[in-house]
Amino acid sequence: MPELPEVETARRLLHAQLINKTLVQVDSRLPKLMRDSPIPNLTLLIGQALIDTRRRAKVLMLDFDGGLSLLIHLKLAGQVAVFAPDGSRHVAGHPIPKPDGPYPHSATHFDFLFSDGTLFYFSDVRQFGWLRLMPFEDVDAAIAAFRFGPEGTTNLLPLTELGTVMQRRGIPIKTLLLDQTFIAGLGNIYVDEALFDARIHPERPASSLTKPERTRVLTAVPIALAEGLRQGGATIINTRAFPIDNFPAVHAREGEACFVCSSIIKKIRVGQRGTYFCPKCQPAKRKRIPRVGAGKAESRPKIDIGTN
């Protein structure tokens, strides 16, 4: 699933390969991916040069010199691929289509041809992604409508404000971290990695975290995203991780040994999302049952409310 590091990698790719090039042809084979587009006709971009690329959370923004901007969301399985005139190819996002395979693929829905012969393909095997064309001056309002929280990549996350929100929310900490209005850009992979780094069980209610635990989580978020950016995105193929420098440490590594303690990585579901964690490094919080009966000195044994 393309998340902030994968989307930022895609932005950098498009900027490096397409900037200042003029679009001469557009082929659309799945118009429904533009069903919510303020301007549904991509051919209006023909004759315009790409002058800038931007990103907010997981949304790509491509600005053209005719005053139009194309917004792209990769969602669960979006992929961008650029074929240069010299035969080289550059791919970011989902691993389908196979980066070294034939293009356009059956999952390739939009082809953009530039004046120098460069081809830009947008593919989406799940068809959840979208493209929206609009005037440049409308982009800020369109992005504001998503109510994104602060970018997860910054080392200056507002710890006090976010910590206050965490104290008020009784939902699992993983579910809260996936909320784009809380922190923008996090997805399944990097939430699992941040919680592992913070040594917090993903099912812990956000409100149960102590102040030091909250700080650990919020400090771990930009670290996980930075590592993903350094690698150009985590390598996960067919739900299996291929770690580089022990990253991903837990995501998509069910049944494998933890790099820290050698315990076996487990997979559970939290809020309908496949979730990976180390049961030793991320123990479930133990809950004390209230005493039963007056005057008794002992309490009942603690029980584990985690998943085993």
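Is helix α1 mostly covered or mostly exposed, and how many of its 15 residues are buried? The legends below begin with that helix.

The structure is a predicted model, in which local features need pLDDT of at least 70, side-chain atom pairs count only at pLDDT 80 or more, and totals for chains, interfaces and linings use all residues. Residues are numbered from 1 along each chain as its sequence is written, and side-chain values use heavy atoms, with hydrogens and water left out.

**View 1. Helix α1, residues 4-18.** The helix is mostly covered, with twelve of its 15 residues buried (under 20% relative accessible area, 1.4 Å probe, protein chains only). Among them are Leu-4, Val-7, Arg-11, Leu-14 and Leu-18. From first C-alpha to last, α1 reaches 21 Å, close to the 21 Å expected at 1.5 Å a residue (1.5 Å times one less than the number of residues). Helices (H or I, at least four residues) and strands (E, at least two) are DSSP runs, numbered from the N terminus.

**View 2. The hairpin of β5 and β6.** Strands β5 (residues 78-83) and β6 (residues 89-93) run antiparallel and are joined by five bridges; pairing requires at least two DSSP bridges. Phe-83 lies opposite Arg-89 of β6. Five residues separate the strands, and Gly-87 in the turn takes a positive phi of about 95 degrees.

**View 3. Glu-193 in helix α5, residues 188-198.** Glu-193 is buried but has no salt bridge (a side-chain nitrogen of Lys or Arg within 4 Å of a carboxyl oxygen of Asp or Glu). Arg-253, the nearest side chain of opposite charge, is 7.6 Å away. The Glu-193 side chain reaches the backbone nitrogen of Val-250 at 3.0 Å.

Definitions and conventions. Buried means under 20% relative accessible area, exposed over 50%, partly exposed in between (1.4 Å probe, protein chains only). Lys and Arg count as positive and Asp and Glu as negative; His and the chain ends are not counted. A polar contact is a pair of N or O atoms within 3.5 Å; within protein, one must be able to donate a hydrogen and the other to accept it, and residues adjacent in sequence count only if both atoms are side-chain atoms.
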